[in-house]
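Please open the structure in a viewer and keep the selection tool at hand.

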Amino acid sequence: RYPMYYVAFHKYANQGFYKNEFLGLTFPNNQAGGATTITGDEILRKYWQVEMGYNKWVDLAVLFGMVILYRVLFLVIMKLTEKVKPMVNGLSFRRTQPSVHIADQSFEANGAK
């Protein structure tokens with residue numbers, strides 16, 4: 001299994017769904033040489049290789065934890081972008097010559113300085 005398998009949300013969503021649907025059920029077994037029935041637990045362990053060390057509620061809790069973590073991470077990234085973007089723009093577009101401002105003569109004639 002690759003490392004991102006443990007971070008992917010679909011791992012926990014699918015395993016929780018399969019555990020919810022198959023645990024406690026019994027199905028007829030059509031394979032030759034086997035028992036006449038097969039349990040949902042055997043299907044999950046042997047055929048789909050679902051991790052059975054914890055129950056479906058842990059899968060649901062992990063999903064909710066991921067939702068909260070990803071939302072907080074998104075908020076932090078957005079706030080950092082808001083703070084850093086003006087600094088980067090200020091560094092990359094500095095003027096080498098000072099700016100010159102010309103005052104309007106009519107403005108000074110009215111007594112405002």
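The stops below concern a helix, its salt bridges, the aromatic rings and a surface patch.

The model is predicted: local features need pLDDT of at least 70, side-chain atom pairs count only at pLDDT 80 or more, and totals for chains, interfaces and linings use all residues. Residues are numbered from 1 along each chain as its sequence is written, and side-chain values use heavy atoms, with hydrogens and water left out.

**Stop 1: helix H2**

Select residues 40–47, which form helix H2. Helices (H or I, at least four residues) and strands (E, at least two) are DSSP runs, numbered from the N terminus. Within H2, the buried residues are Gly 40, Ile 43 and Leu 44. Buried means under 20% relative accessible area, exposed over 50%, and partly exposed in between (1.4 Å probe, protein chains only). These residues cover an arc of only 95° around the axis, which puts them on the same side of H2; the arc is that of the directions from the helix axis to the C-beta atoms.

**Stop 2: salt bridges**

How many salt bridges does a search of the whole structure find? The search finds five, a salt bridge being a side-chain nitrogen of Lys or Arg within 4 Å of a carboxyl oxygen of Asp or Glu.

Select Lys 11 and Glu 51, whose side chains meet in one of them (3.4 Å, N to O). Lys 11 lies in helix H1 and Glu 51 in the loop between H2 and helix H3 (56–92), so the pair ties together parts that are 40 residues apart in sequence. Lys 11 is buried, at 5% relative accessible area, whereas Glu 51 is partly exposed at 21%.

Then select Glu 42 and Lys 46, joined by a salt bridge of 3.5 Å, N to O. They are four residues apart in helix H2 and therefore separated by about one helical turn.

**Stop 3: aromatic rings**

Select Phe 17, Tyr 18, Phe 22, Phe 27 and Trp 48, which form one aromatic cluster. Rings of Phe, Tyr and Trp (its six-membered ring) pair if their centres lie within 6.5 Å; planes under 30 degrees apart count as stacked, over 60 as edge-to-face and the rest as tilted. The whole structure has six aromatic pairs. Among them, Phe 17 and Tyr 18 are tilted, with 5.7 Å centre to centre and 55° between the planes.
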